[in-house]
Amino acid sequence: MKTRLTQYFLRGLLTFLPLALTIYALYLFVVWTESLAIRMIRPFIGDFYLPGLGILIVAGLIFGLGIL
């Protein structure tokens, strides 16, 4: 009984950890791109900022690199 519970726990942990780490990495990426976009764009447009603009800028850069 104890080994079966341990197996279930470890299976659940092995399933949960990659999912949780992926979500955390995506969260860090979004926060980083948003802060980078704010620092890059603020001198040109002032305090006006749209949420998600950092992700659009990164997607545009990736698309531009693909064209090159």
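The chain has 2 helices and 0 strands (DSSP runs, H or I of at least four residues for helices and E of at least two for strands, numbered from the N terminus). Its radius of gyration is 20 Å, well over the 11 Å that the globule rule gives for 68 residues, so the chain is more spread out than a compact globule; the radius is taken over C-alpha atoms, and the rule is 2.2 Å times the number of residues to the power 0.38. This is a predicted model, in which local features need pLDDT of at least 70 and side-chain atom pairs pLDDT 80 or more, while totals for chains, interfaces and linings use all residues. Residues are numbered from 1 along each chain as its sequence is written, and side-chain values use heavy atoms, without hydrogens and water.

**Extent and surface**
- Along the principal axes, the C-alpha atoms fill a box of roughly 65 × 30 × 15 Å.
- Of the 68 residues, 10% count as buried (under 20% relative accessible area; exposed is over 50%, partly exposed in between; 1.4 Å probe, protein chains only).

**Aromatic pair**
- The structure holds 1 aromatic pair (ring centres within 6.5 Å, using the six-membered ring of Trp; planes under 30 degrees apart are stacked, over 60 edge-to-face, the rest tilted).
- Phe29 and Trp32 form this tilted pair, at 6.3 Å centre to centre and 40° between the planes.
- Both residues lie in helix H1, 3 residues apart, about one turn of the helix.
- Phe29 is partly exposed because its relative accessibility is 37%; Trp32 is partly exposed at 48%.

**Leu17**
- Leu17 lies in helix H1, residues 2-45.
- Leu17 counts as partly exposed because its relative accessibility is 40%.
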